[in-house]
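Please load the model in your viewer and keep the selection tool at hand. Each stop below gives a selection and then what is found there.

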Amino acid sequence: MTLTEFLLARIAEDEARVLAECEARRRIVEIAKSSESGEVGWYLTFDLALKALTLPYADHPDYDPTWRP
């Protein structure tokens with residue numbers, strides 16, 4: 001692997017992680033909106049928010065698929 005190939009591969013990995021983090025944040029905001037409107041209670045809001053934070057790590061070997069919001 002050349003230096004440039006290595007760097008491009010790392011940049012692609014970082015890009016995927018950033019996109020996953022943005023999606024997780026969007027989900028948290030949507031969860032908060034549901035809580036504000038009274039659609040879901042505070043415990044469910046908290047649980048779903050924590051699960052959304054796990055999304056960027058979904059490819060990690062210790063990730064539990066039941067955590068997917």
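This is a predicted model: local features need pLDDT of at least 70, side-chain atom pairs count only at pLDDT 80 or more; totals for chains, interfaces and linings use all residues.

Residues are numbered from 1 along each chain as its sequence is written, and side-chain values use heavy atoms, with hydrogens and water left out.

**Helix α1**

Select residues 3–36, which are helix α1. Helices here are DSSP runs (H or I, at least four residues), numbered from the N terminus. The 34 residues of α1 reach 50 Å from first C-alpha to last, close to the 50 Å expected at 1.5 Å a residue; the expected span is 1.5 Å times one less than the number of residues. Next, pick Gly-38, which follows α1 and has a positive phi, near 85°.

Axes are lines fitted to C-alpha atoms, for helices over the stretch in contact, and angles run from 0 to 180 degrees between N-to-C directions.

Show side chains for the contact (heavy atoms within 4.5 Å). On α1, select Ala-24, Arg-27, Ile-28, Ile-31 and Ser-35; on α2, select Thr-45, Leu-48, Ala-49, Ala-52 and Leu-53. These residues divide into seven nonpolar, two polar and one charged. Ala, Val, Leu, Ile, Met, Phe, Trp, Tyr, Cys and Pro count as nonpolar, Asp, Glu, Lys and Arg as charged, and the others, Gly among them, as polar.

**Thr-45**

Leaving out residues up to four places away in sequence, Thr-45 touches Ile-31, Ser-35 and Val-40.

**Pro-69**

Move to Pro-69, in the segment after α2. Pro-69 is partly exposed at 34% relative accessibility. With the residues up to four places away in sequence not counted, Pro-69 touches Arg-27, Leu-48, Lys-51, Ala-52 and Leu-55.

**Tyr-63 and Trp-67**

A search of the whole structure finds one aromatic pair (ring centres of Phe, Tyr and Trp, its six-membered ring, within 6.5 Å). Select Tyr-63 and Trp-67: their ring centres are 5.7 Å apart and the planes are at 90°, so the pair is edge-to-face (over 60 degrees). Tyr-63 is buried at 11% relative accessible area, whereas Trp-67 is partly exposed at 37%.

Conventions: Helices (H or I, at least four residues) and strands (E, at least two) are DSSP runs, numbered from the N terminus. Rings of Phe, Tyr and Trp (its six-membered ring) pair if their centres lie within 6.5 Å; planes under 30 degrees apart count as stacked, over 60 as edge-to-face and the rest as tilted. Buried means under 20% relative accessible area, exposed over 50%, partly exposed in between (1.4 Å probe, protein chains only).
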